[in-house]
Amino acid sequence: LSSVPLQILLYVNGIYYSFYFLATLAMIIYKSQVFSYPDDFLAPDLALLFVMAILEVLRLYLGSKGNLTEEEAPLGLSLVITVGSVILSVYFLVWQTYVLKADVILNAVLLVTYGLESALKVVAVAAFV
Amino acid sequence: VAKLCVCDLLVAQCDVNCCCDPDCSAADFSLFTTCSVPIVTGDSRLCSQKAAIYSLDVEANPPERIFKLIDQVNPSVFCIHATNYKQALSFSPAEMPTSENFDQLLKRFGSATFSAEPDSWNMNTDAQNPSDANDTYRYEYGVPIQTVDAFLRLPSPVVSSWCSDANPAGFLVNQATKCTRSVSVEECGTIQALSMLFYVNSSILAVPRSSQMVNIQVQSIVVQSLNGMRTLLNGSDVVRLPMILDELCINIVLGVSYHITYTDAGEIIEAAAAFVLGAINKEALSIQQSFEISFTQVNTTPVPLSGNPGYVVGLPIRAGFWPQGYPFPVEILFAALVLNTNRYSQLTILQSTSNQDCLAAQGARTPVLFGYNMVSGCKLRITAAMKCQPLTQILLDLLKGQSFPEYVASFGNSQAQDVLDWVPITHLRTSEQSDNDRIYNTFQSSCQIPVALEIEVKWTKYGSLVNPQAKIVNVTATITTTTLKQLPSGRERTIPITSSVVFTDISSPAEPGYKAWPTINVKLPFDFFFPFV
C-alpha cells in the first residue's frame with residue numbers, strides 16, 4: 001500500500017518549496033540592492049537557485065509517482081535527487097554570499113523536511129520491495 | 001571594539017567628555033558631564049556583534065565611568081548571519097601600484113570616470129564610435145587644428161615661463177604667446193624647437209580626420225641681429241636651418257606668426273608662417289620666443305569689429321564721414337563711408353593732460369569706448385590780446401578734434417557699405433548765459449566761445465531677451481558757448497573747458513510676445529443647406 005504520510009509530506013513540501021523559491025529570489029534581489037553584490041557572486045547564487053527549483057520539481061514528481069504506483073524505481077531515483085537538493089540547501093544555508101537570518105530559518109525548515117521525507121521514502125521502498 | 005575611540009583626537013591628552021579615551025584617568029572622568037560617544041559597535045546589520053557601552057554614573061560621588069562590553073543582537077529577520085564575501089562589510093584598501101600592475105591600473109583608473117565593475121562596462125563605448133564615421137567633418141571654434149602627426153603646436157608658458165610644446169592651436173582662436181626656452185650654442189642643431197623645420201614640417205589637415213593636407217608656406221623671414229636690429233630678407237621661401245658660424249648659432253627661431261585662411265564651411269585652405277630668426281652667442285642661456293596665430297576668412301579683409309552685432313562694452317565706437325562729392329541721398333547705393341583705419345581714432349574726445357593748459361595740450365585725444373561715460377577738460381588762460389574769432393576756431397578744434405565724424409555705426413559690425421546702418425550725429429548749440437547777462441548783451445555784439453562739448457549717445461537693447469544686443473540709436477553733440485567779456489589789458493582770466501561723453505540706455509521694457517491663439521477654422525461645405533440654398 002502507498003504510504004499516506006509520505007504523500008502528505010510530499011504535498012506540503014511542494015507548497016513550502018514554492019514559498020521558499022519566491023522568498024529566496026526576493027531576498028537575493030533585496031541583497032543586491034542593499035549590499036555590495038558584484039556580478040561574480042550574484043550569478044552563481046541565482047543559477048543554483050534555479051537549478052534547485054528544477055531538481056525539486058523532478059524530485060517531487062518522481063517521489064509522488066513512485067509512492068502512488070508502489071514502484072521502487074522512481075522512489076529510489078527521487079531519493080538520489082534528494083541528496084542533490086540537500087547539498088544545494090546546505091549551500092544556501094552556509095556558503096551563500098550573504099546569509100541572512102531569514103535564509104537560515106527557511107533552509108533549516110527545508111532540511112528538516114528533506115530528512116523526514118528521506119526516512120519515509122526508505123520505509124516505503126522497503127515496503128514495496 | 002573596545003579599543004576603538006572616535007572622540008580621542010588629542011594624542012597623549014585627555015579629550016573632554018570622551019569616555020573611551022585611554023589617556024583619561026579616573027579623576028578626569030569625574031569632571032565629565034556626559035559621554036559624547038555612548039556606544040561603539042561594528043556594522044549594525046550583523047545579527048550579533050560586540051558593542052562597547054560607555055556611560056557616566058552621576059549618582060556616585062565622585063562620578064565615575066562605566067564600561068561594558070556586550071553582545072548586541074539585531075532583532076530584524078533580515079540581519080546578516082554570515083557572509084562568504086570578504087569585502088562585503090568594509091571599505092576595500094586600494095591596490096598599491098607596482099611595476100607589474102601599473103599598466104592595468106592605468107587602463108582602469110586613468111580616465112575621467114571609472115566604475116566599480118571594470119570588466120563588462122567599457123565595451124559599449126567603443127561600439128558607438130564607428131557610427132559617425134560617415135559624417136563630414138569640419139573645424140569648429142576651439143577645436144585643435146590637426147596636422148599629420150598630432151596638432152598644430154603653439155608653444156606657450158605653462159605655470160612658469162618655460163615653453164611647453166603641448167599647447168594646440170584652436171581653430172578661430174587668435175592667440176599670441178611668449179615663452180622662454182633654454183638654449184646653448186653647443187646644442188645648436190639638436191634642439192628641435194629652435195629650427196624652422198619644426199614649425200613648417202607637418203602639414204595641416206584641411207578638415208579633421210581627412211587626408212587632405214595643406215602645407216605651411218614660409219611667408220617671410222626677418223633676421224634679427226645680436227643687437228636687436230631686424231632686416232627683412234628678400235626671396236625668403238627657403239627653410240633656413242640653425243648652424244654654427246663664428247662661434248654664434250644663427251638661424252634660430254625667435255618668433256613665428258601663423259596666418260590661417262579658412263572658408264565658412266570650416267575648412268582650412270591656406271596656411272602661412274612668418275618667421276623671425278636670430279642668433280645667440282656662447283653666453284646666452286635662454287631666449288624668449290613669441291608665437292602668434294590669426295585667422296582670416298577667405299575673400300574678406302579683416303576689419304576689427306566692436307561687437308557682433310551689438311556693441312561690446314569697452315570697445316571703441318565706430319564712426320566715419322561721407323567723402324566729399326557724394327551728395328546725400330542721391331547716390332546712396334554707391335557711396336560708402338570712409339573710416340579711419342585706426343579703430344581707436346574714429347570718435348575721440350579731448351584727453352586731460354597733467355598740465356591742464358588747453359593750448360599746450362598738443363592734440364592728445366582719447367577714443368570713446370562704448371558704455372564708458374567720460375569727462376575730460378582743461379583750463380584756458382585768456383589774455384586781453386586774444387581775439388574772438390581765432391579763439392573760437394582754436395577751441396572748436398580742441399573740443400572736436402581734427403576730423404570729427406558725421407556718422408556713427410549703430411551696430412558693432414556695421415559695414416561701411418550699408419549706409420542705413422549708420423546714425424548721423426546731430427549737432428546742437430546752447431549758450432550758457434545767466435539772465436542778467438542776457439539783458440546787457442542785447443545791446444552789445446558779443447563774442448561767443450565754445451567752452452563745453454557734450455556727446456550724448458542713446459542706445460537701446462535690441463534682439464532677444466536672453467541675449468540683448470546694444471544698438472546705438474541717436475548721437476547728439478552739444479556745444480555750449482559762453483560770452484567772452486572784454487578784459488582790461490594786462491589782466492587775464494582762466495576758464496574751464498570740458499568735454500564729456502554720456503551713454504544713456506533708452507531701451508523700452510521688454511514685452512512678452514505670445515503666440516497667436518489658435519483659430520478654429522470651420523467652414524461648412526457649400527451645399528450644406530442643400531434643398532434651401
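Predicted model: local features only at pLDDT ≥ 70, side-chain atom pairs only at ≥ 80, totals over all residues.
Trainee: What makes residues of chain A and chain B count as being in contact?

Mentor: Contact needs heavy atoms within 4.5 Å. By that rule, 18 residues of chain A are in contact with 15 residues of chain B. The area buried between the two chains is about 1400 Å², and carbon and sulfur atoms give 61% of that.

Trainee: Which elements of chain A touch chain B?

Mentor: Those giving two or more residues are α1 (4-34), α3 (72-95), β1 (98-100) and α4 (101-128) of chain A. The most comes from α4(A), with 4 residues. By class, the residues on this side of chain A are 14 nonpolar, 3 polar and 1 charged.

Trainee: Why is β1(A) said to pair with β4 of chain B?

Mentor: Pairing asks for at least two bridges between the strands. Here 3 bridges join β1(A) to β4 (residues 80-83) of chain B, so the two strands pair, and they run antiparallel. Within this pairing, Val99(A) stands opposite Ala82(B).

Trainee: How many salt bridges and polar contacts cross the interface?

Mentor: The rule finds 0 salt bridges between chain A and chain B, whereas 8 residue pairs are in polar contact, both residues being at pLDDT 80 or more.

Trainee: How do you know what the model makes of residues 42-62 of chain A?

Mentor: That span is 100% helix and 0% strand, with its end C-alpha atoms 31 Å apart. An unreviewed UniProt entry lists residues 42-62 of chain A among those under "transmembrane region".

How values were computed: Residues numbered from 1 in each chain as written. Chains lettered and ligands numbered in written order. Heavy atoms only, no water. UniProt positions renumbered as here; feature names shortened; annotations may be inferred. Buried area = accessible area lost by both parts, 1.4 Å probe. Salt bridge = Lys/Arg side-chain N within 4 Å of Asp/Glu carboxyl O. Polar contact = N/O pair within 3.5 Å; in protein donor to acceptor, adjacent residues only side chain to side chain. Nonpolar A, V, L, I, M, F, W, Y, C, P; charged D, E, K, R; others polar.
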